[in-house]
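Hello,

Here is the structure I promised to pass on to you. Please open it next to this message, and then read on for what turned up in it.

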Amino acid sequence: MGTINCFIPFAERNQAIATVEGLKKNELVGNIFLLANSEVTESIEGCEILRVKNLNSSATIKAIAEKAGEGMVMLYTKYDTLKFAPFAIERFVTILNDSGAGMVYADHYNVTEKGADKAPVIDYQMGSLRDDFDFGSVLVFCADCFKKAAAKMKADYEWAGMYDFRLKLSQFAPITHINEFLYSDVELDTRKSGEKIFDYVDPKNRGRQIEMEQAVTEHLKEIGGYLAPEKDGKPNFKHIEFNRGDFEVEATVMIPVRNRIRTIRDAIKSVLNQKTDFKFNLMVVDNFSTDGTREAIEEFKDDPRLIHIIADYYDMGIGGYWNLAAHHEKAGKFIVQLDSDDMYKDENTLTTMVRAFYEQNVAMVVGTYLMTDINCNPIPPGVIDHKEWTPENVRNNALRINGLGAPRAFYTPVLRDVKIPNVSYGEDYALGLNISRIYQIGRVYEPVYMCRRWDDNSDASLDVEKMNRNNLYKDRIRTWELQARIAMNKK
């Protein structure tokens, strides 16, 4: 079946000895290399130390390629004990050979003090461009494919080497998911999913973010999906005159809501307290609220700016709420988002967001938000401003990230043209990708929005199945968008 050369992260003997001893018992395993930094002085008998500074660097990938051999490569990516199910290594090898894949990965178990939990992963596809795509911790490669992908790497990254390598590999070889539970390892990161999803905006990770953006931009250029910021020396975005349609008000704030009695009053008040020199209104689209939310909204009925839309559609997601508001006869020229959990930071938010459309000539504006608890006290990571994104490259980088920030605001005629997917997760992201294909996305870098985290947030703590469904859908959105951009470039 061939020989597998194995590469194991190594900090000290106790951390790796069980993994190594397990591998030695399998007759398919050839050489075992311990990936260690220069401070590590010990080793394990029968293993070779391979000196690396960072597991995710370009230099590490190239060092592995030099030792890859002629058969297969197994890379373990955790500093923990790895335990394979009986004949699991043989199963990895069989699927790699039978499928002709360049890389295979599998479902597994995460072992903690509380026991063993299933950790299924999702299928890789063309749009799986997130740099945090979860492959699990065991990656098995065709050695020739590994060396070929490593040879295609042009940049020397400290953090984006593995990401760059994976993108290069995907250009010429399938990356295949084995939907079988083949191994177990220890889950180090036991935070809730709602905390993990903000890791990418941690200020200490900005250098990493910049490298990741460079890697995905190069990949998009190589596969024909890159959208240049300029063409023939001019901005490569459609200019907007802001003269389409006849609108009674300049701006509409839209709040989609279902059963948010604890927070809906705060959200409404933060809108009605806005100070502007233009007319605006507030559309609260309520779908089947049964906890008193509907009655709480009616408390504000004496304010003529409030438009209470009762939807009550069983098949309506948040995207459907947006479609109702965007096509309403009283919709403003611009529509600005506010989630029913959240609040505008002060009375100037709406003015700031609307002004950005005219100043930057954009069809969509993304603001900056402050992470807070339910009582509006700041919590880590604090201000989320996405300053690491280069404005001219945002539409390319948007294919890598998992969201575009908040609050989001749209030029209503464009919103009506595009239509929003009738789903409750990823609808705003799909909209931003579609709009950015043609129009520039504007940015506001000062905090204008408070994103409040509390126990009943829809994404505060998701189980793995729901997280997988959400991520699979967003990857599908990226696939469709990438296909559209490649086709547009061909024309």
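Is Arg294 buried or exposed? Arg294 is buried, because its relative accessible area is 18% (buried means under 20% relative accessible area, exposed over 50%, and partly exposed in between, using a 1.4 Å probe and protein chains only).

Before more findings, a word on the model. It is predicted, so local features need pLDDT of at least 70 and side-chain atom pairs count only at pLDDT 80 or more, while totals for chains, interfaces and linings use all residues. Residues are numbered from 1 along each chain as its sequence is written, and side-chain values use heavy atoms, leaving out hydrogens and water.

**Salt bridges**

Side chains of opposite charge can pair when their charged atoms come close. A salt bridge here is a side-chain nitrogen of Lys or Arg within 4 Å of a carboxyl oxygen of Asp or Glu, and by this rule there are 26 salt bridges.

Arg294 has such a partner in Asp312, with the closest N and O atoms 2.8 Å apart. Asp312 sits in the loop between strand E14 (306-310) and helix H10 (318-326) and Arg294 in helix H9 (residues 293-298), so the pair ties together parts 18 residues apart in sequence. (Helices, H or I with at least four residues, and strands, E with at least two, are DSSP runs numbered from the N terminus.) Asp312 is partly exposed, because its relative accessible area is 30%.

Another salt bridge joins Arg400 and Asp131 (2.4 Å, N to O). These two links in the chain are 269 residues apart, and both Arg400 and Asp131 are buried.

**Helices H14 and H15**

Now look at helix H14 (residues 427-436) and helix H15 (residues 464-490): their axes come within 10 Å and cross at roughly 10 degrees. Axes are lines fitted to C-alpha atoms, for helices over the stretch in contact, and angles run from 0 to 180 degrees between N-to-C directions. That makes H14 roughly parallel to H15 (under 35 degrees is roughly parallel, over 145 roughly antiparallel, 65 to 115 roughly perpendicular, and the rest oblique).

Which residues make the contact? Tyr429, Ala430, Leu433, Asn434 and Ser436 of H14 meet Lys474, Ile477, Arg478, Glu481 and Arg485 of H15, where contact means heavy atoms within 4.5 Å.

Nine of the 10 residues of H14 are buried, so H14 is largely enclosed by the rest of the structure. Among them are Gly432 and Ile435.

Happy exploring!
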